[in-house]
Amino acid sequence: MKTKILEINPKRIDLAKIKTAAEEIKKGNLVAFPTETVYGLGADALNEKAVAKIFQAKGRPFNDPLIVHIADIKELYRLSKQVPSVALRLVKAFWPGPLTLVLKKSELVSDIITAGLDTVAIRMPADNIALSLIREAQTPIVAPSANLFGRTSPTTAQHVADDLDGKIEMIIDGGKTKVGVESTVLDITAKPVQVLRAGGISVEKLKEVIGQVKISKELEEGFRSPGMLNSHYSPQARLILVEEKGESQVEEVRQLASEYKAKGFKVGIMAKEENQNKYNGFEVKVIGKGTELEICAANLFAILRSFDKEGFEIIIAEGLEEQGLGLAIMERLRKAAACK
Ligand code: TXA
Ligand code: MG
């Protein structure tokens, strides 16, 4: 299959181009498109054959459920059997935006989307290309991140092409995504509501709106237990995470980098801007200032992918503070570090 690349300027959306992409969705084909978080791999949520193609293209197991993307709040009522008041408060505060709500599903949602669960994950993305595509396709669109299963999520169209060229019909190139980490997944069927995946909306912000929020056990324990080993967000290089602890963090990173370099590995360091000059003699990529966690989140996946492209074998990553978007960043780094 030849994958078509369709460039669309997010500031001046060409509706004719969106219509071409929407036609592919209507035909049951796969279209990768930008959202504010990461690029998604889209299919018509109401066409089971189209949805199945997603799992095939990504090499994703069928037991991992998908998020349904909508552009109109009415769809929330069509796709869900029960919309509790807490959902409405969250929708009002955060949609369109990087928050996914897990609700009781309606009959309309097929088991292939939910992996057989009686709940469905729904979000309204804050990206005009994504919203126009959903509107023009006249159907909700399921979209996992547009990467091969287990790999780092894509934040540019080039990242998508690197993983999925030849496997999908079309990629919409709308430039670099803004948030850079995936949406926060919040289960509102749980009491109190529970964060299943940290993401673009911080736990602090959720608490401001709904008060009590539980953090899933998995997240809470930071994937430190061996049972939590998980192949997600993994660069090809081996990633070693050194947790935030002031000056001793730099010491530890330096020591690890020296050890691996001495063993003959190609070693890269992912550092905060304020520490970049402390690693003379090593190859350093800067994620951003430790205090600017939004910028760090936006850079994270592109940096991990660039280490891979340049053939690094070991990445030593400085951990960041676990507040705001720092929690989402650390969740992904811990999973990546747990891989190999
Ligand atoms: O930002 C995002 O959420 C991106 C963009 C493209 O929207 N999408 C994304 O999709 O990250 P994906 O498939 O890579 O991750 C979906 C997450 C998975 O962790 C999945 O287990 C969870 O959502 N999920 C989906 N349906 C669920 C359900 N019914 N109950 C619990 N978790 C669910
Ligand atoms: Mg994903």
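D308 counts as buried, at 13% relative accessibility, where buried means under 20% relative accessible area, exposed over 50% and partly exposed in between, with a 1.4 Å probe and protein chains only. The residue belongs to helix α11, residues 293-309; helices (H or I, at least four residues) and strands (E, at least two) are DSSP runs, numbered from the N terminus. D308 and P235 are 73 residues apart in sequence, yet their C-alpha atoms are 6.6 Å apart in space.

The model is predicted: local features need pLDDT of at least 70 and side-chain atom pairs count only at pLDDT 80 or more, whereas totals for chains, interfaces and linings use all residues. Residues are numbered from 1 along each chain as its sequence is written, chains are lettered from A and ligands numbered from 1 in the order in which they are written, and side-chain values use heavy atoms, with hydrogens and water left out.

Attention now turns to the ligand. A total of 23 residues surround ligand 1, the closest being T37, R60, H69, S183 and R197; a residue is near a molecule or strand if one of its heavy atoms lies within 4 Å of it. The shell around ligand 1 comprises 12 nonpolar, six polar and five charged residues. In this division Ala, Val, Leu, Ile, Met, Phe, Trp, Tyr, Cys and Pro count as nonpolar, Asp, Glu, Lys and Arg as charged, and the others, Gly among them, as polar.

Several side chains approach oxygen atoms of the ligand. A polar side-chain atom of S183 lies 2.5 Å from an oxygen atom of ligand 1, and for H69 the corresponding distance is 2.6 Å. In the side chain of R197, an N or O atom is 2.9 Å from an oxygen atom of ligand 1. A polar contact is a pair of N or O atoms within 3.5 Å; within protein, one must be able to donate a hydrogen and the other to accept it, and residues adjacent in sequence count only if both atoms are side-chain atoms. Taken alone, ligand 1 exposes 680 Å², of which the protein buries 88%; accessible areas come from the Shrake-Rupley method with a 1.4 Å probe, and for residues only the protein chains shown count as cover.

Strands β4 (67-69), β6 (119-123) and β10 (194-197) are the elements that give two or more residues to the shell around ligand 1. Of these, β6 gives the most, with four residues. H69 lies in strand β4 and is buried, with a relative accessible area of 3%. Its side chain also reaches the backbone oxygen of I67 at 3.3 Å.

Some backbone features lie in the loops. The peptide bond from W95 to P96 is cis, with omega near -10°, and P96 is placed in the loop between α4 (85-94) and β5 (99-104).

Positive phi values occur in residues other than glycine. Phi of A115 is near 55°; A115 lies in the loop between α5 (111-114) and β6 and is partly exposed, at 29% relative accessibility. Q138 has a positive phi of about 55° in the loop between α6 (128-137) and β7 (141-142), and Q138 is exposed, with a relative accessible area of 64%.
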